[in-house]
Amino acid sequence: FPSLAPVMIPRSAPGTYPQILDLAFSDPQLELRCITAPINSGTSLLGFVKIIRDRTHEISLLRSKDEFITIASHQLRTPMTEVAWALESIAAAPSLPEDQKSIANQALTAVKTLVRVTEDLLNIAKIEEGHFGYRFEQMDLVAFVEKVLESTMPLINQAGLSLYLDKPKEPIPTVTADPNKLTLALTNLLENAIRYNTKNGEIVVKIEKLPDAPFLRVSVRDTGIGIAEDEVHKLFTKFFRGENALKYQTRGSGLGLYIAKNIIRAHGGQIGASSEVNRGSTFYFTLPTDPSLVPVREVPTGF
Ligand SMILES: Nc1ncnc2c1ncn2[C@@H]1O[C@H](COP(=O)(O)OP(=O)(O)O)[C@@H](O)[C@H]1O
Ligand SMILES: [Mg+2]
């Protein structure tokens, strides 16, 4: 009875309590969450308490919410892309007076933002359902980063910023990664380093091999507005936007870092940041060089 064998997803780190384990049975669908915690009296262990919660109904509601977002975003994307194309043609017309050209360009920027937010929401729905569809391959990380930087260069130049790349002198091992997904994650960090930078600022991208662990590390350092210390722990949560970002810059959805975090975790890596207000920020992520450290299965994160 293969349909009776549940898919098991551990939700807590191995060996830690409370231990949380999700069990999903298909046909009929049954979603259970098992929580196990020890009962201690002083130093002696009296036993364990186990709570099994039936989340089938709750999860089917969450699924229909995600389905709604997926369908709505798909439906919005096509007409918005057409509007963007139309505005682009209008703005490029040589006969158009300057003031109207500037209005068309303003509308174009707004539509492009809409398209981006819609795509972000679509990606998040897929990530949370565990259907983002990773396609891993062996990759040369230095060549990959150089390629992403090349395509970000126009934005960096436009913002009047300087870019430096600090890459290892020695050859480094390859990583197992999905180039498209990783491009999304890295582009997000770079766009933030551009958007939240200051006039004539710098961006330093560094690629290195960690000395005592089987990981490579990519960091993006900027000389921008920074993030308050008590906000750093909220950076990678959905829709979060920092106080400083809201003060200096109105555009943004607070979805980029949440997507980046999920992508890096699905690669078996870590993402993090350190920052000083009005001095700048460093965002980094690691990727394993040992393919066995890459999770074999995509895990739903939203439920
Ligand atoms: N390089 C950075 N410098 C300063 N603040 C940053 C930087 N990157 C991200 N942040 C803060 O984190 C928030 C979330 O970033 P993100 O998820 O990319 O969303 P968005 O850029 O759309 O606001 C930003 O609104 C900003 O407050
Ligand atoms: Mg962003």
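# A quick tour, starting at the ligand

An oxygen atom of ligand 1 sits 2.9 Å from an N or O atom in the side chain of Arg195. Keep in mind that everything here comes from a predicted model. According to the domain assignment, the protein has domain 1 (2–54), domain 2 (58–129) and domain 3 (137–293).

**Around ligand 1**

- Ligand 1 has 19 residues around it, and the closest are Asp222, Arg241, Gly242, Ser253 and Leu257.
- Arg241 reaches in with its side chain: one of its polar atoms is 2.7 Å from an oxygen atom of the ligand.
- Ser253 uses its backbone instead, with an N or O atom lying 2.7 Å from an oxygen atom of ligand 1.
- On its own the ligand has 530 Å² of accessible area, and the protein covers 97% of that.

**How the domains are laid out**

- The centres of domain 1 and domain 2, taken over C-alpha atoms, are 41 Å apart.
- For another sense of scale, take Arg11 and Phe285: they are 274 residues apart along the chain, and 22 Å separate their C-alpha atoms.

**Salt bridges**

- Side chains of opposite charge can pair when their charged atoms come close.
- Searching the whole structure turns up 13 salt bridges.
- Arg116 and Glu191 make one of them, with N and O 2.8 Å apart. This pair links distant parts of the chain, since Arg116 belongs to helix α2 (residues 98–129) and Glu191 to helix α4 (residues 179–195), 75 residues apart.
- Glu146 is in helix α3 (residues 141–158) and Lys167 is in the loop between β6 (162–166) and β7 (175–177), so the bridge ties together parts that are 21 residues apart in sequence.
- Glu146 counts as partly exposed at 31% relative accessibility, and Lys167 counts as partly exposed at 38%.
- Asp66 bridges to Lys65, with the closest N and O atoms 3.8 Å apart. Asp66 counts as buried, because its relative accessibility is 1%, whereas Lys65, at 38%, counts as partly exposed.
- There's a network too: salt bridges link Arg11, Asp22, Arg33, Arg53, Arg55 and Glu58.

**A nonpolar patch on the surface**

- Ile39, Leu46, Val49 and Ile51 make up a nonpolar patch on the surface, and together they have about 360 Å² of accessible area.
- Strand β4 (residues 44–54) is the main contributor, giving three residues, the most of any element.
- Val49 is in strand β4. At 37% relative accessibility, it counts as partly exposed.

- Most residues other than glycine have a negative phi, and most peptide bonds are trans. The cases below go the other way.
- Tyr17 and Pro18 are joined by a cis peptide bond, with omega at about -5 degrees. Pro18 belongs to the loop between β1 and β2.
- Asp27 to Pro28 is another cis peptide bond, with omega near 0 degrees. You'll find Pro28 in the loop between β2 and β3 (30–41).
- Asp27 has a positive phi as well, near 55 degrees, despite not being glycine. Asp27 lies in the loop between β2 and β3, and it counts as exposed because its relative accessibility is 65%.
- Asn200 is a further non-glycine residue with a positive phi, near 55 degrees. Its place is the loop between α4 and β8 (202–209), and at 63% relative accessibility Asn200 counts as exposed.

Notes. Residues are numbered from 1 along each chain as its sequence is written. Chains are lettered from A and ligands numbered from 1 in the order in which they are written. This is a predicted model: local features need pLDDT of at least 70, side-chain atom pairs count only at pLDDT 80 or more; totals for chains, interfaces and linings use all residues. Side-chain values use heavy atoms; hydrogens and water are left out. Patches are made of residues with over 30% relative accessible area and no salt bridge: like charges are joined within 9 Å, nonpolar side chains (Val, Leu, Ile, Met, Phe, Trp, Tyr) within 5 Å. Accessible areas come from the Shrake-Rupley method with a 1.4 Å probe; for residues, only the protein chains shown count as cover. A salt bridge is a side-chain nitrogen of Lys or Arg within 4 Å of a carboxyl oxygen of Asp or Glu. Helices (H or I, at least four residues) and strands (E, at least two) are DSSP runs, numbered from the N terminus. Buried means under 20% relative accessible area, exposed over 50%, partly exposed in between (1.4 Å probe, protein chains only). Domain bounds come from an automatic or database domain assignment. A residue is near a molecule or strand if one of its heavy atoms lies within 4 Å of it. A polar contact is a pair of N or O atoms within 3.5 Å; within protein, one must be able to donate a hydrogen and the other to accept it, and residues adjacent in sequence count only if both atoms are side-chain atoms.
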